[in-house]
Amino acid sequence: MRCFVFILVLLFSTLFTFGQGVNFRDITMEQALQEAKNEGKYVFIDFYTAWCGPCKLMEKQMFPLKEMGDYFNPKYVCLKLNAEEDGNGKQAAEKFNVKAYPTFVILDNNGELIHMFAGGVLDLTFIDKVEEAFNPSKAYGVLKKRYDAGEREPRFLASYLEALQNTFTVDNMPELVEQFYDTLSVQDKISAECLFLFDMYAPIGSEREKFLTEHREDFRKVVGREKVDEIFKSKYITYYGQIIMGYNPSITPEDIEVINERMGSLGLPANPVYQLYQTAAIVKVTNEGIDNLFELILNVKSELSQKDLNACLYYVIIGLKEQFSDEQKKELVAYISDESTKGYVERSIK
């Protein structure tokens, strides 16, 4: 069993007012379908397990929010089902092939699957994820029916694979993506539907990342500069973050300099967070310059969004914990605004 969070739960700060949250009913799925028919609603199911940390975060931080209750309660009959508990929960989880937690399933009141996706989101964009159920180009249940009926047009297949990926019900997604990518023309690749191929499945140095880099201006025209630049930002931050965390021990300062130059050629919006990651990566591979990095963080932290600062401090404090002094670590931890991130970092450096 696996426990996934699509958007890294440690990097969000939840600042909303708690009130009348989501009304989860203590009934069976069959009863939920009947009540949904009686009330003219859909059925929303939260599949969880007792051991799943992200499930507990959703239960504690998101579902009690008034904004969540205002959205869900008028529209859905809501259930929480333990996917590993004998009976209703386990049987329903097997029916929908649930493999990751939390997984969320939306049904019509006849029990037909409209949409499903795995992974908690610790801000109100979670509602946007649920609303995809009513977008025929995003709703997994709708796309699956078209796929099962034999539709295979490339851009439809891209939408279907992206929705399938988000369910975490298959174990060979990289193979499916590779097979699909090899069938695409250049024109098909440079499309909104296929953008996810260059986000999730194109690490730095891969053929797909090189294609995205080479055709970046074409992608920017088709899908928008902001979306493309955000993908590049995430990709390079992940690359530097893996170095900082020690996941690429063979990397050299010269390798990092090459990547720095490549990133600098992309025309991304100025952001001092890049300098922080680049400097921290060099500190990791050379074991030199920790005091300069510490001073740099203090100098530019006010220029960063809180989200960028939280993420950077997460990587830097944990990845360089052996080099920072205890006093430096204590001061840096204090700049983390999200309590979940702060608690995880504190536990990691003890």
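Among contacts (heavy atoms within 4.5 Å) in the chain between residues at least 6 apart in sequence, 70% join residues at least 24 apart. The structure is a predicted model, in which local features need pLDDT of at least 70 and side-chain atom pairs count only at pLDDT 80 or more, whereas totals for chains, interfaces and linings use all residues. Residues are numbered from 1 along each chain as its sequence is written, and side-chain values use heavy atoms, with hydrogens and water left out.

The chain has 19 helices and 6 strands, where helices (H or I, at least four residues) and strands (E, at least two) are DSSP runs numbered from the N terminus. Its radius of gyration, taken over C-alpha atoms, is 22 Å, close to the 20 Å that the globule rule (2.2 Å times the number of residues to the power 0.38) gives for 350 residues, so the chain is as compact as a globular protein of that length. Of these 350 residues, 52% count as buried, a term that means under 20% relative accessible area, while exposed means over 50% and partly exposed lies in between (1.4 Å probe, protein chains only).

Helix α6, which spans residues 140-148, has Tyr140, Gly141 and Leu143 as its buried residues. These cover an arc of only 160° around the axis, judged by the directions from the helix axis to the C-beta atoms, which puts them on the same side of α6. The buried residues of α6 pack against β6 (113-118) and α7 (154-167), and the helix is followed by Gly150, whose phi is positive, near 105°.

Met29 lies in helix α1, residues 29-39, and is buried, with a relative accessible area of 7%. When neighbours within four places in sequence are left aside, Met29 is in contact with Ile45, Leu79, Asn88, Ala92, Lys95, Phe96 and Leu107. The C-alpha atoms of Met29 and Val43, which are 14 residues apart along the chain, are separated by 8.7 Å.

Pro102, in the loop between β4 (100-101) and β5 (103-107), is joined to Tyr101 by a cis peptide bond with omega near -5°. Phe168, although not a glycine, has a positive phi of about 55°, and its place is in the loop between α7 and α8 (173-181). Asn287, likewise not a glycine, has a positive phi of about 60°; this residue is found in the loop between α15 (273-286) and α16 (290-300), and at 57% relative accessibility Asn287 counts as exposed.
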